[in-house]
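I opened my notebook to look up a few spots in this model. Here is what I wrote down as I went along.

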Amino acid sequence: MSDSLTVTDNRTGKHYEFPIKDSTIDATDLRKIKVSDDDFGLMSFDPGLKNTAVCRSAITFIDGEKGILRYRGYPIEELASKSSFLEVSFLLLNGELPSKTELDGWTSEITLHTMLNENIKKLMDAFHYDAHPMGMLISTIAALSSFYPESKNIFDPEVRRKQIVRLIAKMPTIAAFALKHSRGLPYVYPDNELNYTENFLNMVYRPSHGTQYKPDPILAKALDTLFILHADHEQNCSTNAMRAVGSAQSDPYSCAAAAAAALYGPLHGGANEQVLRMLREIGTKEKIPQLIQQVKEGKRKLMGFGHRVYKNFDPRGKIIKNIAEDVFQVTGRNPLIDVALELERIALEDDYFISRKLYPNVDFYSGIIYEAMGFPTSMFPVLFAVGRMPGWLAQWQEMVTDDEQKLVRPRQIYTGHQKRTI
Ligand code: ACO
């Protein structure tokens, strides 16, 4: 038995043999299949890149059938219970969990870069009072490239590292400023005495400088764990945007702004916002059958259900359910959780969802927790983006240092007019 694929082109009767490596054929081999010398050659048609590997990656492993998610080999369940978000960020970027000394160094580096240039603050001020915080986040991340022009030198490892630190450090500050802006409240500057997530909560909830606020340790831990769960998810839509823009050798701020823009969409990171709107619209358990009926008639989607990769369960969803219980002990029970639980129960017994392998994904429960913590719905995708930043950066770094990578430039099947004259 050889590791190859033999293809017969029934148009010509010719046989071709292509090597198989890592259960994959090289897509450009297909171009050798031609009906004539001037034929362009065979292509594969794959909208949504459903069956196309675009890179080799050593960062995140997912087995969608078995519901397995691992970062650098460590199961997500273990990382969620034993590590902090900054440890996980270090792991994603460097391949190993940090030693105590490495973690101290990493934490202090991140802490030193949490401040935003005052001109960035002015830029954020310019947004309308009701601007969506995700729009503010995307624009502000993009604007950072003009503050750090050296970031263009993407092949210099030290320059890369500096921008990675800046982006992870500044995300909570940008996110908190966006929220404060929408509420017309003064910005609260980073407090270097607090850890990453406590500092974020402090910037969000402390009314202003000089006033008192102490982040609740249970809420801080819960949010930190949510960030871990969102930290990477291999070649998802936003990571693909990060890599695609990065393949043009753009600076990491421009790439990250593109990734955040992809995340904003309701089919991706914007789903958590849509789940909450849907649960509020349902309101009471009695209205669930009506919603299920609309979904089955194809009139709408059950937001927070279904996943391109997970076809059994989303392991993050299981962990999030437990976090919800911890959070509710502090905040009181969010009544929407009961609607969500009942919706999940009914959906998982229904053949429509069973036959299509549709299960709750990470976004089904995360929004309920964020809401219980006091975040407005519009902030949900922003919180997702804060958590996902280390993953985007790890994937971008891997791509920049991968000799196999090329400018992303897909093909098309042209369906327009042949040459015509006016
Ligand atoms: N509600 C109802 N039906 C659904 C749903 C849903 N949430 N998701 C998929 N389906 C149906 C489709 O209509 C299709 O049915 P059909 O075979 O009768 O046409 C079938 O299930 C297969 O769905 P596809 O759209 O082909 O699956 P795909 O892998 O392209 O979609 C996606 C994955 C986009 C996540 C989809 O399940 C969806 O839109 N879910 C709702 C949005 C959501 O929760 N997104 C968050 C994803 S997780 C993340 O990004 C963090």
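I started at Q249, which is partly exposed because its relative accessible area is 49%; buried means under 20%, exposed over 50%, and partly exposed in between, with a 1.4 Å probe and protein chains only. A caution for the notebook: this is a predicted model, where local features need pLDDT of at least 70 and side-chain atom pairs count only at pLDDT 80 or more, while totals for chains, interfaces and linings use all residues. Residues are numbered from 1 along each chain as its sequence is written, and side-chain values use heavy atoms, with hydrogens and water left out.

I found Q249 in the loop between α9 (237-246) and α10 (252-263). Helices (H or I, at least four residues) and strands (E, at least two) are DSSP runs, numbered from the N terminus. Phi of Q249 is near 65°, a positive value although the residue is not glycine.

Next I turned to S23, another non-glycine residue with positive phi, near 55°. S23 sits in the loop between β2 and β3 (60-63), and counts as exposed because its relative accessibility is 73%.

**The hairpin**

I then looked at β1 (residues 4-9) and β2 (residues 14-19), which pair in the antiparallel sense over six bridges; pairing requires at least two bridges found by DSSP. The two strands form a hairpin with four residues between them, and G13 in the turn has a positive phi of about 80°. S4 stands opposite P19 in β2.

**S151**

Is S151 buried or exposed? I have it as buried, because its relative accessible area is 1%. S151 belongs to the loop between α5 (133-147) and α6 (157-183). Beyond its neighbours within four places in sequence, I noted contacts (heavy atoms within 4.5 Å) from S151 to S145, V159, Q163, D251, P252 and Y253.

**Two helices**

My last stop was α6 with α7 (residues 196-205), whose axes come within 8 Å and cross at roughly 20°; axes are lines fitted to C-alpha atoms, for helices over the stretch in contact, and angles run from 0 to 180 degrees between N-to-C directions. So α6 is roughly parallel to α7, a label for angles under 35 degrees. In α6, the residues meeting α7 include I168, M171 and L179. On the α7 side, Y196, F200 and M203 are among them.

Note on methods: Parallel < 35°, antiparallel > 145°, perpendicular 65-115°, else oblique.
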